[in-house]
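Colleague: Could you take me through this model? I would like to begin with the strands.

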Amino acid sequence: MRKPSMFQFLRSRFSSANAPARSDAPRVPEGERVYAVGDIHGRSDLFAEMIDVIEQEIAEAGEGIRATVILLGDLVDRGPDSAGVLWLARKWQKRRDVRILAGNHEEMFLKSFEDTEVLKHFLRHGGRETLLSYGVDRKAFSRATIDGVQTMLHEHVPAKDRQFMEGFENLVRIGDYIFVHAGIEPGVPLDEQSTRTLRWIREPFLSHPEAHEGVVVHGHTITDGVESTGNRIGIDTGAYASGRLTALVVEGAERRLIGVVEGAKGVFTIEAERLAA
């Protein structure tokens, strides 16, 4: 197991690092700690480092906490090693309580096996990199018709990976927090939210100023840094392009961030930051 190469504790952009949480702050149940990991998009290197950091933290906490990990979806596409990300996630889930949300990219991936129109859309948004991660020959891919590419999907992607993705969830609620891939439709009860909304929405969710049924933690929409607006926390920091994978940690009423950041020559910086509740 790689050790984090550096721990850099940063002042929060939202409050003093030592500021206590408000007494009415959103919280998860006592004794629980939740790690929500943003969109990975084929960056198995960043994901492996994040797993190491989280596991080290949990080991140091001992038996005093019950830890749940939530992957917010879009494990695949765009980055170079979607196959490796799915392998790591499945392996991690065997030894840790890891709950995985389905993102719009998992949806496109699965539908592409049967629908060539979806496959075209999938390929334009990072699906090419996903196929190559399964060992598809680049030259063969470049020469193939869309039907030929669909045949490659069936030949190269193991059934166990399809079955794994088909088991991903759409929404997880723990305490005062709602974990989804993209967001929710404002004003619509959680049990009436559509699958498409949970996987694809941006507006009117992103600009909605009023409270939801809980604080919504989501990915899907890339931002330079974490967005905390009071009613939602967006943690998709564009790992495939930025080299930064972000996780939100919630314990009681406390919130903090972990960032795994790619540096020169494969050296990773681990950043920790307090997030105001």
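Modeller: In strand β4, I100 is the bridge partner of L71. β4 (residues 98-100) pairs with β3 in the parallel sense over 3 bridges; pairing requires at least two DSSP bridges between two strands. Strands (E, at least two residues) and helices (H or I, at least four) are DSSP runs numbered from the N terminus.

Colleague: What are the ground rules for the numbers?

Modeller: The model is predicted, so local features need pLDDT of at least 70 and side-chain atom pairs pLDDT 80 or more, while totals for chains, interfaces and linings use all residues. Residues are numbered from 1 along each chain as its sequence is written, and side-chain values use heavy atoms, without hydrogens and water.

Colleague: Is β3 mostly covered or uncovered?

Modeller: Mostly covered: 5 of the 6 residues in β3 (residues 66-71) are buried, that is, under 20% relative accessible area with a 1.4 Å probe, protein chains only (exposed is over 50%, partly exposed in between).

Colleague: And which helix lies between β2 and β3?

Modeller: Helix α1 (residues 44-61), in a right-handed β-α-β crossover; right-handed means that the path from first strand over helix to second runs clockwise with the strands pointing away from the viewer.

Colleague: Turning to charges, what lies over the face of F113?

Modeller: R162, at 3.8 Å from the ring centre. The criterion is NZ of Lys or CZ of Arg within 6 Å of the ring centre and within 35 degrees of the ring normal. R232 likewise has its charged end over the ring of F205, 5.9 Å from the centre.
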